[in-house]
Structure formats: structure tokens, C-alpha cells
Amino acid sequence: MANKPFKYKVVLQPLAIENSEQSAFRDALNAIPYLLYEVEQLKSGEKIAINKPGGKRSFGRLSRNDFMVFIYNPIEESLWLISHAEISDDIAAKYADDRESALSLLKGLYRVCCGEEPDSVISALALRNTVGISVETILKVYKWIWGQEDCNYPTKEGRWLSMRKLMERFGVAKKDLQ
């Protein structure tokens with residue numbers, strides 16, 4: 001038995017694949033579908049999904065509370081592992097297109113970071129889409145990315161590290177977002 005096994009609730013999905021020659025067995029293993037949790041539904045029909053554990057390693061050990069955040073398109077059967085850089089670059093494009101709407105989006109992100117639900121923030125601030133990724137997608141993805149950061153960095157600032165990076169990139173102070 002391992003020195004320090006994880007004690008964690010799991011849900012097991014039965015899977016039976018008979019052993020066979022190398023390429024046939026590999027093909028059968030590669031055909032295993034991803035198992036994800038659907039955590040948000042988007043108006044576009046896409047879904048925000050998370051998987052746990054996400055694969056992050058800390059000091060060579062698997063981080064059991066890590067997860068990854070995906071945007072799943074059920075029509076295309078595609079998964080997009082969206083990144084901070086992609087979202088930040090999208091906000092930059094929004095700034096170039098419509099500075100006021102982009103600033104409103106940052107205000108919305110700040111409120112989600114403070115714990116408000118994305119749909120409530122969209123409604124309260126009357127946020128609207130401009131170019132690029134939808135406002136709804138950005139807010140709902142960040143809700144879960146920030147949750148993941150809170151799990152990975154519980155003794156640090158968690159979600160506030162990436163929120164501050166957005167504020168710094170766009171030259172926005174906390175007082176401008178409240």
C-alpha cells in the first residue's frame with residue numbers, strides 16, 4: 001500500500017476492455033470517453049465542464065483537489081481548455097473595439113471574483129457582447145477557474161492573483177471596479 005493514500009469520495013464508472021495485441025488495446029483505451037462534470041449551461045448551447053483531478057502536481061505529487069475547466073461544445077463534441085492568456089487577449093480585443101464595454105466586463109469579473117453569480121452580474125450590469133468570446137462564457141469560466149485556484153492555493157490569495165493580473169494589464173484600480 002502507498003505511504004499516503006488519498007482518502008477521497010469517488011464515483012466509479014464500470015469499464016471492461018479485454019486485453020489484446022498492442023495496437024488494438026491502445027485503440028480501445030484511446031476510445032474511452034472523457035468523464036466530466038457539467039457545471040454551467042451557456043445560452044450558446046455549450047457547457048462549462050470540469051474534471052477532477054486535473055493533473056496538477058505539487059512537489060511531484062498529484063494535487064487531489066485540482067481540476068481543469070473546459071468549454072464543451074456538444075454539437076461538435078469538442079473540448080476547449082481555455083486559458084488565462086486567451087481570455088486576457090480577448091479582453092484586449094474588446095478594449096480595442098469598445099473600451100466602455102470592456103471596462104464593464106472587468107467590473108463584472110471583479111463582482112464574480114467577490115462571489116456573485118455570473119448571471120446576476122450580467123443582469124445587474126446590463127453587460128453585452130462585443131467582439132470575441134461572449135461575456136457569459138468569460139464570467140462563467142472564470143467562476144470555475146477561480147474556484148480551481150482557491151483549491152490549489154488555499155493559504156495564498158487564490159483567485160485574487162489572476163484578478164489582479166487582469167487589473168494590472170488593463171490599468172484598472174480596485175476603486176474603478178466597485
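A residue counts as buried when its relative accessible area is under 20%. In this predicted model, Asp98 has a relative accessible area of 18% and is therefore buried. Asp98 is found in the loop between α2 and α3, the latter covering residues 99-113.

Two polar contacts involve the side chain of Asp98. With the side chain of Ser101 the distance is 2.8 Å, and with the side chain of Arg128 it is 2.5 Å. Once neighbours within four places in sequence are left aside, Asp98 is in contact with Arg128 and Thr130. The C-alpha atoms of Asp98 and Val131 are separated by 8.7 Å, while the two residues are 33 apart along the chain.

Ser88 belongs to helix α2, which spans residues 84-97. With a relative accessible area of 9%, Ser88 is buried, because the cut-off for that label is under 20%. Apart from neighbours within four places in sequence, Ser88 is in contact with Leu166, Arg169 and Phe170.

Val112 is placed in helix α3. The relative accessible area of Val112 is 3%, so this residue too is buried. Not counting residues up to four places away in sequence, Val112 touches Pro118, Val121, Leu139, Lys143, Trp146 and Arg159.

Strand β2 covers residues 47-51 and is joined to β5 by 5 bridges, the two strands running antiparallel. Within this part of the model, Ile50 stands opposite Val69 in β5.

β5 is also joined to β6, by 3 bridges and again in an antiparallel arrangement. Asn73 has Ser78 in β6 as its bridge partner. β5 and β6 form a hairpin with 4 residues between them, and Glu77 is in the turn.

Most residues other than glycine have a negative phi. Glu77 has a positive value, near 55°. Glu77 is in the loop between β5 (68-73) and β6 (78-80). Its relative accessibility is 65%, so Glu77 counts as exposed, the cut-off being over 50%.

Ala126 also has a positive phi, near 50°. Ala126 is in the loop between α4 (118-125) and α5 (135-152). At 61% relative accessibility, Ala126 counts as exposed.

## A nonpolar surface patch

Tyr8, Val10 and Leu12 form a nonpolar patch on the surface, and together they have about 350 Å² of accessible area. Val10, one of the three residues, is found in the segment before α1, a helix covering residues 22-30. Val10 has a relative accessible area of 56% and is therefore exposed.

How values were computed: Residues numbered from 1 in each chain as written. Predicted model: local features only at pLDDT ≥ 70, side-chain atom pairs only at ≥ 80, totals over all residues. Heavy atoms only, no water. Buried < 20%, exposed > 50% of the residue type's maximum accessible area, 1.4 Å probe, protein only. Contact = heavy atoms within 4.5 Å. Patch = residues over 30% accessible without salt bridge, like charges linked within 9 Å, V, L, I, M, F, W, Y side chains within 5 Å. Areas by Shrake-Rupley, 256 points an atom, 1.4 Å probe, with all protein chains shown as cover. Salt bridge = Lys/Arg side-chain N within 4 Å of Asp/Glu carboxyl O. Polar contact = N/O pair within 3.5 Å; in protein donor to acceptor, adjacent residues only side chain to side chain. Pairing = 2+ DSSP bridges.
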